[in-house]
Amino acid sequence: MGQYIMRAAGAPDSPEAVRGIAVAALTGACFIHGFWRHGGIVLNNVLAIIKVATLMAIIVIGFAAAGGANLGNGPVGKASVKMNFDTNKSFVRPSDDAGSYARSIVYIVYSYHGYDQPFYVLSEVSRPKKRFAKATIVTMILVCILYILANVAYLCTVPKDLILSNGLDMANNFFGHVFGNETAPRVMSGIIAFSIFGNIIVMTFTAAR
């Protein structure tokens with residue numbers, strides 16, 4: 001979180017500043033839940049809405065770029081679609097070493113992290129047997145659809161070579177490549193920082209239970 005805040009501010013990464021931001025975020029989240037329980041729940045809901053809205057924005061922007069829209073860096077989508085979805089080129093230079101498979105499995109497993117959190121607060125939900133089942137089905141379907149479409153939007157916009165060279169920070173790659181300026185990735189870094197803080201809010205809320 002601290003690194004993304006530093007990027008959003010346009011400041012160089014500083015280990016001391018990153019640690020300070022981390023301590024402040026964790027302390028602030030604990031104080032919010034300790035002194036204003038309802039406010040913590042409201043804040044969590046607001047940050048969740050921001051996350052969903054961000055995913056939807058990425059999907060719309062990605063498909064618009066794939067359709068040839070110029071959002072500041074030219075019609076980058078058509079070239080990316082041609083490169084990324086060409087079955088003759090999609091798996092060029094694959095990694096077949098054990099380390100690559102191990103990293104892939106870790107990333108896949110990590111995507112399932114957090115599904116246990118709702119069980120810690122079921123005692124605070126009225127009629128949990130009825131409401132939890134419906135909420136779980138609806139949210140799982142929504143999340144699956146949004147994440148699949150977001151990944152397709154990334155591939156519609158960002159060339160594979162850029163993805164491989166710039167690491168796994170897909171959101172910043174996406175906004176930087178589509179809009180072609182430094183402001184868009186900085187804004188995205190700020191949104192990611194809010195998203196991470198939302199995760200801290202959730203974890204500190206449920207961990208106490």
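Which helix does Tyr4 lie in? In this predicted model, Tyr4 is part of helix H1, which covers residues 2–9. Leaving out residues up to four places away in sequence, Tyr4 touches Asp169, Asn172, Ser189, Ile192, Ala193 and Ile196. Arg37 is another matter: 33 residues along the chain from Tyr4, with 27 Å between the two C-alpha atoms.

Written out in sequence order, that gives α-α-α-α-α-α-α-α-α. Along the principal axes, the C-alpha atoms fill a box of roughly 55 × 45 × 40 Å. The protein has 209 residues, and 28% of them are buried. Its accessible surface is about 13,200 Å², with carbon and sulfur atoms contributing 69% of that area. As for how the chain meets itself, take the contacts with a separation of 6 or more: 67% of these link residues 24 or more positions apart.

Now for the helix pairs, starting with helix H2 (residues 15–35) and H3. These two pack at an angle of about 125°, and their axes are 5 Å apart. At that angle, H2 counts as oblique to H3. On the H2 side the contact involves Ile32, His33 and Phe35, which meet Arg37, Gly39, Gly40 and Leu43 of H3. Sorted by class, this contact has three nonpolar residues, three polar ones and one charged.

H3 (residues 37–66) also packs against helix H6, which spans residues 128–157. Here the angle is about 40° and the axes sit 8 Å apart. H3 and H6 are therefore oblique to each other as well, since an angle has to be under 35 degrees to count as roughly parallel. The crossing of H3 past H6 is left-handed. H3 brings Val52, Leu55, Met56, Ile58, Ile59, Gly62, Phe63, Ala65 and Ala66 to this contact. Facing them in H6 are Leu146, Tyr147, Leu149, Ala150, Val152, Ala153, Tyr154, Cys156 and Thr157. The class count for this contact comes out at 16 nonpolar and two polar residues, with no charged ones.

Is Thr54 buried or exposed? Its relative accessibility is 13%, so Thr54 counts as buried, the cut-off for that label being under 20%. Neighbours within four places in sequence aside, the contacts of Thr54 are with Met188 and Ile191.

Helix H9 runs over residues 183–207, and Phe205 is found there. With a relative accessible area of 13%, Phe205 is buried. Which residues does Phe205 contact, leaving aside its neighbours within four places in sequence? The list is His33, Arg37, Ile41, Val121 and Glu124. Val121 is 84 residues from Phe205 in sequence, yet their C-alpha atoms are 8.8 Å apart in space. Two of the other partners, His33 and Arg37, also turn up in the contact of H2 with H3, where His33 belongs to H2 and Arg37 to H3.

Terms used
Residues are numbered from 1 along each chain as its sequence is written. This is a predicted model: local features need pLDDT of at least 70, side-chain atom pairs count only at pLDDT 80 or more; totals for chains, interfaces and linings use all residues. Side-chain values use heavy atoms; hydrogens and water are left out. Helices (H or I, at least four residues) and strands (E, at least two) are DSSP runs, numbered from the N terminus. Buried means under 20% relative accessible area, exposed over 50%, partly exposed in between (1.4 Å probe, protein chains only). Contact means heavy atoms within 4.5 Å. Axes are lines fitted to C-alpha atoms, for helices over the stretch in contact, and angles run from 0 to 180 degrees between N-to-C directions. Angles under 35 degrees count as roughly parallel, over 145 as roughly antiparallel, 65 to 115 as roughly perpendicular and the rest as oblique. A crossing is left-handed if the near helix is turned anticlockwise from the far one by less than a right angle, and right-handed if clockwise. Ala, Val, Leu, Ile, Met, Phe, Trp, Tyr, Cys and Pro count as nonpolar, Asp, Glu, Lys and Arg as charged, and the others, Gly among them, as polar. Accessible areas come from the Shrake-Rupley method with a 1.4 Å probe; for residues, only the protein chains shown count as cover.
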